[in-house]
Amino acid sequence: RLAMHLSMAFIILGITFQTFLDASISHTDNKNVIYKNNSEFLFLLLLLFIFLQIAYGAFVSGTHSGLLFNTWPMYNGNIFPLIENNNLRGFINFFETGEYIIFVHRTFAIFLLLIVFYINYIFYKKNTIINKSYLLLTFNLIFIFQIVLGILMTFKNIPWHLALAHQGNSIILFLISITMWVLSKKSLQTN
């Protein structure tokens with residue numbers, strides 16, 4: 001229920017923000033803010049994966065899975081978390097068993113990091129004018145901050161102020177990823 005509530009809130013926020021961006025961009029004459037069209041799929045993929053990671057974070061929070069391990073990148077000295085006395089079977093483990101949940105959340109964060117590296121590589125390879133990519137640079141910094149917050153939370157056993165910062169920062173990441181996707185959809189080309 002917590003994940004559904006959070007997901008619906010982000011969907012409403014995302015639709016509202018996209019509508020705002022579409023209306024704002026249609027009234028601007030600055031064509032330099034538009035990303036090239038061939039980036040649309042990558043930015044949409046990034047947006048969807050960020051949304052999934054945020055939604056899955058609700059399972060980490062709701063099941064208190066983050067409290068199971070206060071080590072990183074290992075799980076109390078192991079590469080994979082040890083699961084003992086598990087009565088659940090199959091796919092339900094990814095939504096009910098804390099060790100599965102925290103493993104998926106951490107692993108998917110690394111997967112997201114690789115996608116961000118790839119997007120940066122593609123973007124800077126095709127567009128060498130760095131001064132037009134402030135939005136992507138901002139996203140990179142906030143994304144790194146999000147990872148640092150997640151690691152700090154792990155070591156400090158999830159203090160409430162870091163947990164709130166981690167959740168609040170995810171909203172900023174989500175909104176910036178929507179912005180990059182909306183700008184990449186536009187038919188205008190960067191100069």
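The accessible surface of the protein comes to about 11,300 Å², of which 69% belongs to carbon and sulfur atoms, areas being taken by the Shrake-Rupley method with a 1.4 Å probe. This is a predicted model, in which local features need pLDDT of at least 70 and side-chain atom pairs count only at pLDDT 80 or more, while totals for chains, interfaces and linings use all residues. Residues are numbered from 1 along each chain as its sequence is written, and side-chain values use heavy atoms, with hydrogens and water left out.

Reader: How many helices and how many strands are there in the protein?
Author: Helices (H or I, at least four residues) and strands (E, at least two) are DSSP runs, numbered from the N terminus. From the N terminus on, the elements run α-α-α-α-α-α. The counts are therefore six helices and zero strands.

Reader: What span does helix H5 reach from its first C-alpha to its last?
Author: Helix H5 covers residues 134-155 and has 22 residues. The expected span is 1.5 Å times one less than the number of residues, which for H5 gives 32 Å. The model comes close to that expectation, since H5 reaches 32 Å.

Reader: Which helices are included in what covers the buried residues of H5?
Author: The buried residues of H5 include Leu 136, Phe 139, Asn 140 and Phe 143. Contact means heavy atoms within 4.5 Å, and, leaving aside neighbours within four places in sequence, Asn 140 is in contact with Val 116 and Asn 120. The cover of the buried residues of H5 includes helix H2 (40-62), helix H4 (98-126) and helix H6 (160-185).

Reader: What kind of aromatic pair do Tyr 56 and Phe 59 form?
Author: Rings of Phe, Tyr and Trp (its six-membered ring) pair if their centres lie within 6.5 Å, and planes under 30 degrees apart count as stacked, over 60 as edge-to-face and the rest as tilted. The structure holds 16 aromatic pairs. In the pair of Tyr 56 and Phe 59, the centres are 5.6 Å apart with 40 degrees between the planes. By those cut-offs, the pair is therefore tilted.

Terms used. Buried < 20%, exposed > 50% of the residue type's maximum accessible area, 1.4 Å probe, protein only.
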